[in-house]
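Have a look at the model first, then follow the steps.

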Amino acid sequence: MSPATLAVLAAQMVAHGKGLLAIDESIGTCNRRFAALGIAQTVDRRRAWRDVIVTTPGLAESIGAIILNEETIGQTTVSGTPFAVAVVEAGMIPGVKVDAGTIDLAGHAPEKITEGLDGLNGRLNGFAAMGARFAKWRGVITIDTGLPSRGCIEANAQTLARYAAICQQVGLLPVVEPEVLMDGPHDLARCGAVTAAVLHAFFRHADEQGVVLEAMILKANMVLPGSTCPDRSDLDTIADTTVESLLRAVPAAVPAITFLSGGQTGELASARLNAMNVRFMGRMPWELGFSFARAIQQPALAIWGGDDGRQEASQHALAHRARCDRAARQGTYEATMDSATVPRMVSAQ
């Protein structure tokens, strides 16, 4: 696809107040979440859970695109349909996570760098043949005393830019995820400063690498106080700090910013996204939406618990959380929308 066609695809993915649903957790991460709920950590159960998600009735009313992982895009649903095809048949756009995970950054341990650029062109062509229309890559930035280092920020920013350029060369839309982690005692201002530094570095490298900004989506973290910071900050303060930081760092040419949830509860992620859209609707150059994973999945996963007999109730909870997030995109979410019967996930904050 040409950059112009990719720009149209980006708009389609977030059209009508919809967002992205990430079901691209690595095998290890998925297994840990299963183990916490007593679910067998097997290929069959991972496939069954993702089948529950993709076949949820009405999910496409709130979700425009689904991010699969490499294992899932190579599988078929329980009914025998390739997952990417099933996503399309359900009215959504399929994509795939293509990074190969993180390792210690040489000279900067314990900071991390994401692997996977070697051979990426060929892998992307393979995923495109399976039906993927976009890809996602995650870089990880940790805040701590003296961290992040400039070396870590620059290395991850350049890697994200190279990934995005390769995606566009192949004809897939890049979803770029530079995640500043919530872990730690840092305050809101510190998160804002680091987030801005990371975004400025990425867009500088993106320009150097020839990335067409209209043909990408930025998957960003919200600007939040660290998980152990005693000052939690209210909804309006977080909304103002996040959007003002993005306005200063993200070019207007980028069509959409979709937030990761990063360990927030579903309700809190919805409330914070809603506050941003209430306070800044019509004043932002890009669509401001969501690309949540746990914040949508976790209540439904707790209900399913590995038991296929609970599929309908699980799908009801999944569709409910997705509807709440779509409402948050439109600035119409209210806490009363959340049913008391939907289990709440354990917050990382």
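**Exercise 1: two helices**

H10 and H12 are roughly parallel to each other (angles under 35 degrees count as such). This is a predicted model, where local features need pLDDT of at least 70 and side-chain atom pairs pLDDT 80 or more, while totals for chains, interfaces and linings use all residues. Residues are numbered from 1 along each chain as its sequence is written, and side-chain values use heavy atoms, leaving out hydrogens and water.

Task: at what angle do H10 and H12 pack, and which residues make the contact?

Solution. 
- Step 1: H10 spans residues 266-280 and H12 residues 311-329; their axes, lines fitted to C-alpha atoms over the stretch in contact, lie 7 Å apart at an angle of about 20°.
- Step 2: Contact (heavy atoms within 4.5 Å) involves Gly266, Glu267, Ser270, Leu273, Asn274 and Asn277 of H10. From H12 come Arg321, Cys324, Asp325, Ala327, Ala328 and Arg329.
- Step 3: These contact residues divide into four nonpolar, four polar and four charged.

**Exercise 2: aromatic pairs**

Task: how many aromatic pairs does the structure hold, and of which kind is that of Phe202 and Phe203?

Solution. 
- Step 1: There are five pairs, counted where ring centres lie within 6.5 Å.
- Step 2: For Phe202 and Phe203 the centres are 4.9 Å apart and the planes at 70°, so this pair is edge-to-face (over 60 degrees).

How values were computed:
Phe/Tyr/Trp six-rings, centres within 6.5 Å; stacked < 30°, edge-to-face > 60°. Axes fitted to C-alpha atoms, helices over the stretch in contact; angles between N-to-C directions. Helix = DSSP H or I, 4+ residues; strand = E, 2+ residues; numbered from the N terminus. Parallel < 35°, antiparallel > 145°, perpendicular 65-115°, else oblique. Nonpolar A, V, L, I, M, F, W, Y, C, P; charged D, E, K, R; others polar.
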